[in-house]
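I set down here, in the order of looking, what I looked up in this structure.

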Amino acid sequence: MSFTKTTAGKTIDIVKNLPRITLANLRPNPGAKKDEKHRGRGMHGGNKSGRGHKGERQRGNRPRLGFEGGQTPFYLIIPKYGYNANHRCNSVCVFYSSSRRPQYPPLSLRRLQYLIDLGRVDPMQPIDLTQLVNCRGVAIQPMKRDYGIQLIDEGADIFSAKVNLEVQVASEKAIAAVERNGGVITTSYYDPRSLQILIKPVPFLMSGEPIPKRLLPGEDLLPYYTDASNRGYLADPDKVQAARLGLAKKYGYTIPDITTDTFFEMLVQRKDPRQIFFGLSPGWVVNMADKKILKPTDDKVLQYYGNIKSL
Amino acid sequence: MAASWLSRRTVLSFGVNKLNSFLPAVVQQIAHYNPRPLCLNIKSPYIPCKESEKTPEWQKTEKYERRLFGRYGGASGVDPARLWPSHARLEELAAEEREWHPPMEVMLENIAAREREKEQRRMEREKIIAANMAKMPKMIADWKKQKREAKQKQREEKIKRDKLLAEARERFGYALDPRSAKFKEMVAEIEKEEKKKRKLLKRRKREEEQGTAAAESSQ
C-alpha cells in the first residue's frame, strides 16, 4: 500500500479509499521476525536440545555459580577491601557470626530532592526518619544492624530545598548543601529499640507500652555526636553556629539568615536527646483506639522517664 | 501499589496536574497518604477471663494486658495505671540503667582519660626517639672513627707483614710461607733486635738528659 501516484490525485485520497487497517492487513517487514528455535521434544525425548553430551550439563546438575570444582573460589579468596573491609562474615546466624558494626543506608540529596519535588515528603515540617519511611523514601532494617541513615552528597549541586533535616550521619558536603539553601541539619542517635519505634510507630503504639526514652550513644559514637562539625545533637549550639559559618567560608557561599525566615520556628524545632517523637515525651502512652494520650502522674515514674521541659 | 496509598481527595488534585504549570511556584502539592486501616476489632473484642483455668498463661501476663489496652482502649477493662512499670520494676530498670548506661559526663570523662593515656604514651615514645636522635651525630661519628681506625690498623698490619715477608725473602732467598717455623724464628729474631735497639736508645736518651740536667745544675 505504499506506492504513490501523485500525478492525478493525492496520496491521502488513495489512503482514504483503502480498506480499514486490521490485523488481516498487517504484516511485519521481511526479516523483522526470526523463527524461534524449537528444542527437541519428540517421541524419544528429542535430540540433545542444546544441552550438550552426558554429564552434569545435560543432566542439569551443575554446581552453584562461582564453584570452582573444590578450589577456593574467587569470590572467597579475594579479601574484602574498602567499604566492606571490616565487616565480618555474613552468615545465617545473626547473633554471633555477623558483623555488629552500625550500618547506615545512604540517602542521597538527589533522592531527597526527588521526594520533595514529587510531594512525597513535606518540607514545611521537620523531616525525620519517620517521615522518610512513611513516604517510602528509604528502606531501613533495624534488625540488620542499621542504626539510621546517612546523608551523602550525590546531588548536592541540584539540591534546592529548605528543610529541617534529621539524619544519623551526614557528610560535610551534604551539610553544606543543606545549609546553603537556608535549611537546618542535625545528626542524632537512635538506639536499635528507639529506631524500630521511630520507623514503625503504629505497631509500637498498638502494644500499649509507654514511649521509652532514647538512650545516649555509646562511648564509640559519643565523640561523633558531640562534635559541632558533624552538627551532632549533643554538640554546643554556639559551636554549631561557628561551624556553620566556617563551612560557608570553606565552600564559598553565604548562609541565608534563617531568623528572618517565615518558617524559622519550624526550622529551629529540634528533639530533646531523650525524645523519640516530636511533641511526645517519653513515659506517655498513646492510645489509638480511644485517640487519647495518657500521661503518668506518679513521681517515681516521672523521675524514671524524665520530664522534657518543652512539653 | 502507589495508587492505593493516595487518598481519594488528592487523586483529583493530581489529576489536575496540567494546571500545575499555571500555579505560582510557591504552591506545592503534598501527598497525603491513606494510612493502612488499623484492624482494632473494637466491636467484638476478645478479652480473656483472668480467673478461668482454660485461658493460657500468656494471656494473663502484664504485657498482654498492655496490648489489650493498646488495641481496645478503655473498652478492654484494663486499669490504665497498670500500663506503667510497678515501683519494683522501676527500681530494677533504674539499677540496670545505672550499671549499663552511664551518664554523659562519665562517658566523656572516660573518653578523655583514654585519649590522655594514648597521648601520654605517644609523647613518651616521641621523647625516647628524640633523645636517641640527638645522640645520633655522635654515634655516627664514633662509628665512622672506629671503622677508619680498623681500616688503618689493617693497612698497617698488611705493610708490616709485607715487610717481614720481604725480609724473609731476602734472607732465605725464596718465598717463605709465613706459617712455617723458620719464618716465625726469623720474626722472633727481628723482634729481639728491635728490643735491644729500643733499649739502647732509651739508655742513651736518659744519659743525655742526665748529662744536660747535671750541666744545668752545675751552672
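**Aromatic rings**

I looked up A:Y189 and found this residue buried, with a relative accessible area of 8%; buried means under 20% relative accessible area, exposed over 50%, and partly exposed in between, with a 1.4 Å probe and protein chains only. I note that this is a predicted model, in which local features need pLDDT of at least 70 and side-chain atom pairs count only at pLDDT 80 or more, while totals for chains, interfaces and linings use all residues. Residues are numbered from 1 along each chain as its sequence is written, chains are lettered from A and ligands numbered from 1 in the order in which they are written, and side-chain values use heavy atoms, with hydrogens and water left out.

I then counted six aromatic pairs over all chains; rings of Phe, Tyr and Trp (its six-membered ring) pair if their centres lie within 6.5 Å, and planes under 30 degrees apart count as stacked, over 60 as edge-to-face and the rest as tilted. One of them joins A:Y147 and A:Y189, a tilted pair at 6.3 Å centre to centre with 40° between the planes. This pair links distant parts of the chain, 42 residues apart: A:Y147 sits in the loop between α6 and β2 of chain A, and A:Y189 in the loop between β5 (184-187) and α8 (192-199) of chain A. Helices (H or I, at least four residues) and strands (E, at least two) are DSSP runs, numbered from the N terminus. A:Y147 is buried as well, at 17%.

B:W58 counts as exposed at 53% relative accessibility, whereas B:Y64 counts as buried at 16%.

I also recorded one aromatic cluster, formed by A:Y147, A:Y189, A:Y224, A:Y225 and A:Y233.

**Helix α5 of chain A**

Which residues of helix α5 (residues 109-117) of chain A are buried? I listed A:L109, A:L112, A:Q113, A:L115 and A:I116. Seen down the axis of α5(A), these fall within an arc of 160° (taken from the directions from the helix axis to the C-beta atoms), so they line one face of the helix. A:G119 follows α5(A) and has a positive phi, near 75°.

**Enclosed space**

I looked up which element gives the most to the lining of the largest cavity, and found β3(A), with three residues. The lining residues include A:N164, A:L165 and A:E166, together with A:R270 and A:F278.

Note on methods: 1 Å grid on protein atoms, 1.4 Å probe; cavity = no way out; pocket = protein on both sides within 12 Å on 5 of 7 lines; lining within 4 Å.
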